[in-house]
Structure formats: structure tokens, C-alpha cells
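Here is a short report on a protein with its ligand. It covers the ligand site, the sheet and the helix packing.

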Amino acid sequence: MKLYSYFRSSAAYRVRIALNLKGLPYEIVPIHLTRDGGRQHTPEFRSINPQARVPALELSSGEVLTQSLAIIEYLDDIHPEPPLLPADALGRAKSRAIAQLIACDIHPLNNLIALQYLRRQLKHEQAEIDAWYHHWIIEGFTALENLLTAAPYACGAHATIADICLVPQVANAHRLKVPLEKFPKIVAVNAACLKLPAFDKARPENQPDAE
Ligand SMILES: N[C@@H](CCC(=O)N[C@@H](CS)C(=O)NCC(=O)O)C(=O)O
């Protein structure tokens, strides 16, 4: 399989973790999201993902999957061990709720394409854009902190799709220097996950395209 990825992309980071947890081999194809105006916008890459975003996972059949949550659930369907969702319906709903809080409600507001629109079209200053970024992480993390009731991972004894989304979002928060003192449970889950080789290997700094 080929994973179209960018070392700093938190959506690609999610898929890297899932592939590593499953122990599946994959080749990273780096797509630089800022160089040359963003290589995701080239016709070559748009023919792979018309949405011009990473991740995209090319299967050995040549089929291409997009959208990190859809890719992760596909991998879980095809390679059920270790499971990336709890076994019971309630646990699955809770794990997906955490994943979606992050992937659907926090991440899109802080995505590169949204920040570029604030800067280029709406002419906001960098300080305002940074305040926007911090605001949406803090708003989302405040809710997430209250939702976390298990340990050491977000939904208990096993890492699930909730953790797969949490860790890259914490990495984004660190990169933009968002203070996390008010979120001890999020910080503890992040630390527990990063002790697992599958999460560690997926970190931005451990990628072949890291700068
Ligand atoms: N909902 C998508 C989000 C994908 C996404 O927005 N990826 C970002 C990087 S984290 C991207 O490729 N952005 C390209 C751009 O902003 O131009 C997913 O979960 O896969």
C-alpha cells in the first residue's frame, strides 16, 4: 500500500498510527503541502485525490481511499486484529464520538486551507490567526477533557480510534504552543499512547519527509 502523507498532517498521522497498530507494511509518498504553492494542488495529485488533501491510501489493487476516518474503519474491517473500536455498541459509539469531536469539529477549523483563507482572502494578521487556532483547540479540548472517563487510553485498556485522533491533535496543539495545563486527562492519554511503538513511529519527526 502507498500512503500519500505529509509529516505535519494530523489526518495522515491518524492513518499512520492505524497502519502501524495493524502491523501493515506501507510506503510513504510525501506530498509537501506548502512547497511550490502546495503539491496537493497538482493535477497529478488531484487525479489521486480530487479533494487535494492528504491522507490518501492506495491499496495494492490500485483502489484509492480518502478521508482518514473512513480509511481507518476500512483497515479495521479488513484486518480486524487488533480492533480499533471497542467490542460493545456503547463503547464503539463513545470512541467514535471522541474521534469525531476532534476530526470533524476541531481539525477542520485549524486546517491549513482554512488558515490560508483567513490570511490571504480575509487579510487577518498572524496574531489573529494564532488566536483563532488556540480558541478552537481550547474549546474542543474543554469538552473532550470532560468526556474522558477511562484510563490509560481514551476508552480504557486498549487504544482505539479515539486515541488515534487525540494524539495528532495534541501534537498540533504543542506545535502552536497551546497551553495544556487545564487538560490533564488529555495529556495523560497522549503520554500513554506515545509509549506504544505504533504511535511513536507515526510521529511527525519520525517521518521520511520530516524537516
Ligand atoms: N477530513 C479529512 C481532512 C484531510 C485534510 O484536511 N488534510 C489536510 C492536512 S491535515 C490537507 O491535506 N490539507 C491540504 C490543504 O490545506 O491545502 C481527513 O480526515 O482525512
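A polar contact is a pair of N or O atoms within 3.5 Å; within protein, one must be able to donate a hydrogen and the other to accept it, and residues adjacent in sequence count only if both atoms are side-chain atoms. The model is predicted: local features need pLDDT of at least 70, side-chain atom pairs count only at pLDDT 80 or more, and totals for chains, interfaces and linings use all residues. Residues are numbered from 1 along each chain as its sequence is written, and side-chain values use heavy atoms, with hydrogens and water left out.

**Ligand site**

The ligand is surrounded by 17 residues (a heavy atom within 4 Å). Q40, V54, Q67, S68 and N111 are the closest.

| Residue | Protein atom | Ligand atom | Distance |
|---|---|---|---|
| V54 | backbone N or O | nitrogen | 2.7 Å |
| S68 | side-chain N or O | oxygen | 2.6 Å |
| I113 | polar backbone atom | oxygen | 2.9 Å |

Alone, the ligand exposes 520 Å², and the protein buries 93% of that. Accessible areas come from the Shrake-Rupley method with a 1.4 Å probe; for residues, only the protein chains shown count as cover.

**Sheet**

Helices (H or I, at least four residues) and strands (E, at least two) are DSSP runs, numbered from the N terminus. Two strands pair if DSSP finds at least two bridges between them. The open sheet has four strands, ordered β2-β1-β3-β4, with mixed pairing. From one strand to the next, the twist averages 25°. β3 (residues 56-58) and β4 run antiparallel, joined by three bridges. E58 faces V64 of β4.

**Helices**

Axes are lines fitted to C-alpha atoms, for helices over the stretch in contact; angles run from 0 to 180 degrees between N-to-C directions. Contact means heavy atoms within 4.5 Å. Helix α1 (residues 10-22) lies across β1 (2-5), β2 and β3, at about 150° to β1. Helix α3 (residues 68-78) lies across β3 and β4, at about 125° to β4.

α3 also packs against helix α7 (residues 161-175) at an angle of about 140°, with the axes 11 Å apart. L69, I72 and E73 of α3 meet I161, I164 and C165 of α7.

L194 belongs to helix α8 (residues 184-194). Its C-alpha atom is 7.9 Å from that of V167, 27 residues away along the chain. Beyond neighbours within four places in sequence, L194 contacts Y13, V167, F199, D200 and R203.
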